[in-house]
Amino acid sequence: MLPYAWLGFESRIAVRFLREGRLQTVLIMVGVAAGVAVIAYISALVTGLQENTFNKTLGGQPHVTLQSRDDSVTPARAAEPGVVAFSDTQAKAQRLRSVANWQSLLPLLEQWPGVAAVSPIVAGGGLAIRGEATQSIALAGVDLDRYDRVVRLREKVVAGAARLEPGEGIIGIELASDLGLRPGDRLTVQTGSVSETVRVTALVDLGVRELNRRTVIVPLRLAQSLLGLPGGVTSLDLTLRDVWSAKDMAADMRRQFPYKVESWQETNAQLVSALNAQGVSTGLIRAIVLVVVVLGIASVLVVSVVQKRREIGILRAMGATRGQMVRVFLVQGGIVGVVGSLLGLALAQLMIFLFTVFVRGSDGQALFAITLTASLAVQVALVASVCGVLAAIAPARRAAAMDPAQAIRI
Amino acid sequence: MGADATAAAQGQRLIELADVRKSYNIGLPNEAEVLHGLSLKVDRGEFVALIGPSGSGKSTLLNIVGLLEPLTSGSYRINGKAVASLDDRALTLLRRDTIGFVFQFHHLLPAFTALENVTMPGLIREGRVSRQQLERARELLATVGLSQAMDKRPSELSGGMQQRVAIARALVFDPPLVLADEPTGNLDTASSDGVFEELRRMHRERQTSFVIVTHDPRLAARCDRVVELVDGAIARDEPVEASSADSSHP
């Protein structure tokens, strides 16, 4: 006896049944395709949107920052019960303070699992002066190579070449246009009573207008002397291999070191909640569309089972087992799912193409990159196909449950 | 019981029904018993006509014999196996390997050609149609005079041709038993004779057992044994006279 060809009977009957109910088959496949297209398109769109938002907001930010703890006032002793005490504690003004022992902390953090780069920073406020013009600035003293590894500064240079020798500085493009500066020009940076002149080596676009208007990056030593923190740094900025591990890692470090450690999620709570809200609504849309697709496949197959009742009875009389009949309908569901999702992915690709061609920002550039990645496509197609098979379970069991005699009699 | 077992062991006894009852709508107000304690034995190689008025339970009996419906009480052994102890899968496999069906309205699969319909039992068994099976199906279709119509769909064939396809399908795996429910029921006299001749020829050539439900006394007279059912019980069970049986052997 020849070995049983796997699903040979089931797939032949399934294909023939689908071909027989041509209109139904076409309708349901188009339905599945539309559903899959919506899911794939929305997913690609939101992924693109989130990446775009993420890069714009987070590109210039460290994932985790480590600073010295805020100064605080020890509160007065609590009054004994029954005694009324008048006490008033005023919060302390926060002065710039160095991260204690940062030189020995630095290698420790660099060894930390999951940390990609660490950059010591001296940050404070100041004024940029050129001729008559004065701008308030955010001054950052950095070690260029380390800093570059955290915020990829070199990629953001739009004019000049990134270089931070003593007496040199890198500034944001808005600041440059406000003060009429080009690479090679000089500007004076003033903090309190100290002022220094720096030569601009490069202009950078940090993606956010406010940052571009305020940023002045100078060598670590220069900032230390300008801000009165000789040998000190105000924070250590960390870049992680996995962005989303920042929160847990910050909490971990908080437990181990007596410092104030913040993750980007904590400093950008609004962004995180916006991204989350987006993610949740996308998930909801996907789930609902998926349910509609599943119900569509199931209902068409239920109708098909009713229509094919006699044929099912005949096949059963000829010796087809219940399992074989169940699998006939599962295969039908699977075929509808696979063909529908392939059509759907093509449709999604078309929609994405139209989006990139016709939806343009004010500058005529595409708003942001939106691509249907292979992994997303495979994922969506797989889910739709599996759902197609699952949707077929109920009708299939109904088909198999009938007594052959009863089925034929109708 | 001992004698029955011997008969089964010798492979002579094919069907053995004892005190079989069948009720529909059990537990409902319209509960009805269709077969009232019926007993019947059929040996290998018999050619039996099952006759009786409408509603006498012929089709129900045939469905029970064909393992298409469960019986309510009583016992049924087919090919030596007690049916009561089998689950649906075992019943299906037993039906597949033991019984060929020729239904009243032929019951071919409309989506498949004549040849595909005849190879369907093979597809069900092995998940593919081997060359051997294809040869056998072609041969059978040619035997019933349909070598020109193999690739036609049932809707393109006449009633007599459809019925002959159904016969070819029932015989493709050479089952020991063929059950036919009004195989000529909706055919004109000429086609009816042709189809019946086909059945008789298969019987002669292969020693297949036949149980044929029919309304047609002419047809019944050309079988070897007539069992008459009235109101769910056997009213008559006798061999057909040699003279009328002869007429089926021209």
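In this predicted model, the centres of domain 1 and domain 2 of chain A, taken over C-alpha atoms, are 51 Å apart. Domain 1 covers 8-57 + 272-409 and domain 2 covers 102-264, with bounds from an automatic or database domain assignment. Local features need pLDDT of at least 70, and side-chain atom pairs count only at pLDDT 80 or more, while totals for chains, interfaces and linings use all residues. Residues are numbered from 1 along each chain as its sequence is written, and chains are lettered from A in the order in which they are written.

Turning to helix packing, the axes of α2(A) (residues 22-58) and α12(A) come within 6 Å and cross at roughly 45°. By class, their contact (C-beta atoms, placed from the backbone, within 7 Å) has 18 nonpolar, five polar and no charged residues. Here Ala, Val, Leu, Ile, Met, Phe, Trp, Tyr, Cys and Pro count as nonpolar, Asp, Glu, Lys and Arg as charged, and the others as polar.

Between chains, 25 residues of chain A are in contact with 23 residues of chain B. The largest share of the chain A side, six residues, comes from α1(A).

Helix α11(A) (residues 309-317) is largely enclosed by the rest of the structure, because seven of its nine residues are buried, meaning that 20 or more other C-beta atoms lie within 10 Å of their own. Among them are A:Glu311 and A:Arg316. After α11(A) comes A:Gly319, with a positive phi near 110°.

Technical notes: Buried ≥ 20, exposed ≤ 12 C-beta atoms within 10 Å, placed from the backbone. Helix = DSSP H or I, 4+ residues; strand = E, 2+ residues; numbered from the N terminus. Contact = placed C-beta atoms within 7 Å. Axes fitted to C-alpha atoms, helices over the stretch in contact; angles between N-to-C directions.
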